[in-house]
Amino acid sequence: MNRFLMVILAASLLFSCGGSRRTPIADTPADSVDTVPQDTTEVDSLEMLVTDTPMPKAADELFDDFIFNFAANRNLQMERILFPLPVTRNGQTDSLDKKRWKTERFFLHQDYYTVLFDSERQMALMNDTSVNKATVEKIYFNTGAVIQYEFHRIRGAWMLTSVQTIPIAQNRNASFLDFYHQFVTDSVYQAESLHETVQFTGPDPDDDFAQMEGVITADTWPAFAPVLPEKMIYNIVYGEPSKSTGVIIFMMRGIANGFEMMMTFQQQNGRWVLTKMNT
């Protein structure tokens, strides 16, 4: 995120609950295209501020800048959807008109979002102004479904062009997602899924301006283990999906509190293991 999100971030700082690195993360209630998450006072106040501040044209250059404006501004959202919108479920496609669309807030009702990358090269696409396609995925472990919102940049403006729901088993990250769900819900399995040594980088508790490096082993893991969402996570695919590399970089970013964490997982001998964690 950059300067075009300053208005959103300023509002979020006023209304966000915030929290420390060890604060448990609330899970997202399941919703769908035809049902809208319950609006909170914070989101409504944020929308009022964002609506009164027109989105800069340059915010269309990066998808991250656009998607926050899209989620926060109901009027902008209606302008940036190609109606009738194709919505596909269970192999059946329906055409959704404006009257049936429910405002989609994505991750604005929480103070973080998650993204999955398979390489640092793919991660760099977040800041690549040549990217003209992006897909926001809402991954529900309780229902085994993934809702994919596909956006294209058309004549310089990002537009939502289709929505489809698929089983997790059909997602390109299905293997990792199955692993992740067990990793976050089974403490024994989690401990067994650590590399012999997990490389760690994080803030130095004795110096606010310094970083510390070291390794985490199975016996010290409980002191470092983050609290991760169990029922639902988001993912954003920038550009076209790439081929699987056997590596997943799980990124969790705070929307307004400056928090960022990356966990690197690798497939070794047919199973996923955690090899690195940066906070």
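Predicted model: local features only at pLDDT ≥ 70, side-chain atom pairs only at ≥ 80, totals over all residues.
Tutor: Residues are numbered from 1 along each chain as its sequence is written, and side-chain values use heavy atoms, with hydrogens and water left out.

Student: What makes up the fold, and how are helices and strands called?

Tutor: The chain has eight helices and 12 strands. They are DSSP runs numbered from the N terminus: H or I of at least four residues for helices, E of at least two for strands.

Student: How confident is the predictor in the protein chain?

Tutor: The average pLDDT is 85, and 81% of the residues score at least 70; pLDDT is the predictor's confidence in each residue, from 0 to 100. Over residues 1–40 the pLDDT is below 50, although this stretch has 90 contacts in the model beyond near neighbours in sequence. A contact means heavy atoms within 4.5 Å.

Student: Why is Y149 called buried?

Tutor: Buried means under 20% relative accessible area, exposed means over 50%, and partly exposed is in between, with a 1.4 Å probe and protein chains only. Y149 has a relative accessible area of 0%, so Y149 is buried. Y149 is found in strand β5, residues 145–154. Across the whole chain, 47% of the 279 residues count as buried.

Student: And what makes T161 buried or exposed?

Tutor: T161 has a relative accessible area of 16%, so T161 is buried too. T161 lies in strand β6. Leaving aside neighbours within four places in sequence, T161 is in contact with residues including L82, L85, P86 and F151.

Student: Which side chain makes a polar contact with the side chain of Y149?

Tutor: The side chain of E104, at 3.2 Å. The test is a pair of N or O atoms within 3.5 Å; within protein, one must be able to donate a hydrogen and the other to accept it, and residues adjacent in sequence count only if both atoms are side-chain atoms. E104 also turns up with Q77: the backbone nitrogen of E104 lies 2.8 Å from a polar atom of the Q77 side chain.

Student: Where is Q77, and why does Q77 count as buried?

Tutor: Q77 is found in helix α4, residues 74–79. Its relative accessibility is 1%, so Q77 counts as buried. Not counting residues up to four places away in sequence, Q77 touches F70, A71, W101, K102, T103 and E104.

Student: How do you know that α3 is largely enclosed?

Tutor: 10 of the 10 residues of α3 are buried, so α3 is largely enclosed by the rest of the structure. Among them are F63, D64, D65 and N69.

Student: What makes a set of residues a nonpolar core?

Tutor: The members are buried Ala, Val, Leu, Ile, Met, Phe, Trp, Tyr and Cys residues joined through side-chain atoms within 4.5 Å. The largest core has 41 residues, of which F63, F106 and F151 touch the most other members. The largest share, seven residues, comes from α3. Leaving aside its neighbours within four places in sequence, F63 is in contact with A134, V136, F151, W158, I236 and Y238. Apart from this core lies another, of 32 residues, among them I166, L177, A225 and L274.

Student: How do you know that β5 and β6 pair?

Tutor: Two strands pair if DSSP finds at least two bridges between them. β5 and β6 have 10 bridges in the antiparallel sense, and H152 stands opposite M159 in β6. These strands form a hairpin with two residues between them, and R155 in the turn has a positive phi of about 50°.

Student: How many bridges join β1 to β6, and do they run parallel or antiparallel?

Tutor: Two bridges, with the strands parallel; the partner of T88 in β6 is Q164.

Student: What makes β4 mostly covered?

Tutor: Eight of its eight residues are buried. Both faces are covered: K133, T135, E137 and I139 on one side, A134, V136, K138 and Y140 on the other.
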